[in-house]
Amino acid sequence: MGDSFFVCHHLAALYAYGYVLSRGVLPYFANFRLISELSTPFVNQRWFYEVLKYPRSDRLVVANGMAMAVVFFMVRIFVMPPYWARVFATFGTEAFERLGIGAQVAWITSCIALDILNTIWMYKIARGCYKVMMGASGRKAKEVSPLKQNHVNNHTD
C-alpha cells in the first residue's frame, strides 16, 4: 500500500467517480466498475497477515492468497471484455455525444488506467501464486500445527 500504482489507482477512481457523483452520469458503468471492489477484502486480509507477521507459508495466508487470485481475476480481469463491449457499443450514439468531452475523457481514460493497473497486479498475483504452488509441490511442505504457529499474538485480551 502506498506505492505509485496504489496512488494512481485511487486517483483514477476518484477522477471518474467525481464525474459520476457530481454530474449524475454513467451510473451503469460506474456500478459495473464498482463490482471490482469485491476483491478488496482479500487484499486487506493479506495486509493484516503481513502486519501480524504471519509467515507466507502459513495455511491461512496461502488460502487467502489463492482466494484473492481467483476473486481478483473474476471481478477485475474476466469482466474486461464484456465491459469494453458495452463501452464500444455506446460510441457514436446520441447519449455518448450528450456526455460531452469532459465526461467522455474522464470515463475512458480512467477505465484504461484502471485496467492497465489491474492487469499489472493480476500478473504479480499470478506470479506469486505460481511460486507458492511450485514451492509447495517441489519440496515437502511443512505443515504448521495450529498450536505451534510462528506468528506473534499481539492481542492483550
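Angles under 35 degrees count as roughly parallel, over 145 as roughly antiparallel, 65 to 115 as roughly perpendicular and the rest as oblique. The legends below apply these terms to a predicted model, in which local features need pLDDT of at least 70 and side-chain atom pairs count only at pLDDT 80 or more, while totals for chains, interfaces and linings use all residues. Residues are numbered from 1 along each chain as its sequence is written, and side-chain values use heavy atoms, with hydrogens and water left out.

**Figure 1. Overall arrangement of the helices.** The protein contains 6 helices and 0 strands, where helices (H or I, at least four residues) and strands (E, at least two) are DSSP runs numbered from the N terminus. Along the sequence the pattern reads α-α-α-α-α-α. Of the 157 residues, 30% count as buried; buried means under 20% relative accessible area, exposed over 50%, and partly exposed in between (1.4 Å probe, protein chains only). Among contacts with a separation of 6 or more, 77% are between residues 24 or more positions apart, contact meaning heavy atoms within 4.5 Å.

**Figure 2. Packing of helix H2 against helix H5.** Two packed helices are described by the angle between their axes and the distance between the axes. Axes are lines fitted to C-alpha atoms, for helices over the stretch in contact, and angles run from 0 to 180 degrees between N-to-C directions. The axes of H2 (residues 27-34) and H5 (residues 80-90) come within 11 Å and cross at roughly 165°. H2 and H5 are therefore roughly antiparallel to each other. Their crossing is left-handed; a crossing has this hand if the near helix is turned anticlockwise from the far one by less than a right angle, and is right-handed if clockwise. On the H2 side the contact is made by Tyr28, Phe29, Phe32 and Arg33, and on the H5 side by Tyr83, Arg86, Val87 and Thr90. These residues divide into 5 nonpolar, 1 polar and 2 charged. Here Ala, Val, Leu, Ile, Met, Phe, Trp, Tyr, Cys and Pro count as nonpolar, Asp, Glu, Lys and Arg as charged, and the others, Gly among them, as polar.

**Figure 3. Packing of helix H3 against helix H4.** The axes of H3 and H4 are 8 Å apart and pack at an angle of about 155°. H3 and H4 are therefore roughly antiparallel to each other, and their crossing is left-handed. From H3, the residues Thr40, Phe42, Val43, Gln45, Arg46 and Tyr49 meet Leu60, Val61, Asn64, Ala67, Met68, Val71 and Arg76 of H4. The contact comprises 8 nonpolar, 3 polar and 2 charged residues.

Figure 4. Pro41 belongs to helix H3 and is exposed, with a relative accessible area of 52%. Its C-alpha atom is separated by 8.5 Å from that of Met68, 27 residues apart along the chain. Ala69 lies in helix H4 and counts as buried, at 12% relative accessibility. The C-alpha atoms of Ala69 and Phe42, also 27 residues apart along the chain, are separated by 8.9 Å. Not counting residues up to four places away in sequence, Ala69 touches Met122, Ile125 and Cys129.

**Figure 5. Two loop residues with positive phi.** Most residues other than glycine have a negative phi, and most peptide bonds are trans. Leu26, in the loop between helix H1 (4-23) and H2, has a positive phi near 60°. At 17% relative accessibility, Leu26 counts as buried. Lys53, in the loop between helix H3 (40-51) and helix H4 (59-77), likewise has a positive phi near 60°. At 60% relative accessibility, Lys53 counts as exposed.

Figure 6. An unreviewed UniProt entry lists residues 60-79 and 99-123 under "transmembrane region"; UniProt positions are given in the numbering used here, feature names are shortened, and annotations may be inferred rather than shown by experiment. In the model, residues 60-79 are 90% helix and 0% strand, with the end C-alpha atoms 27 Å apart. Residues 99-123 are 100% helix and 0% strand, and their end C-alpha atoms are 34 Å apart. Gln104 is found in helix H6 (residues 94-138) and, at 11% relative accessibility, counts as buried. Gln104 touches Phe96, Glu97 and Leu99, not counting residues up to four places away in sequence.
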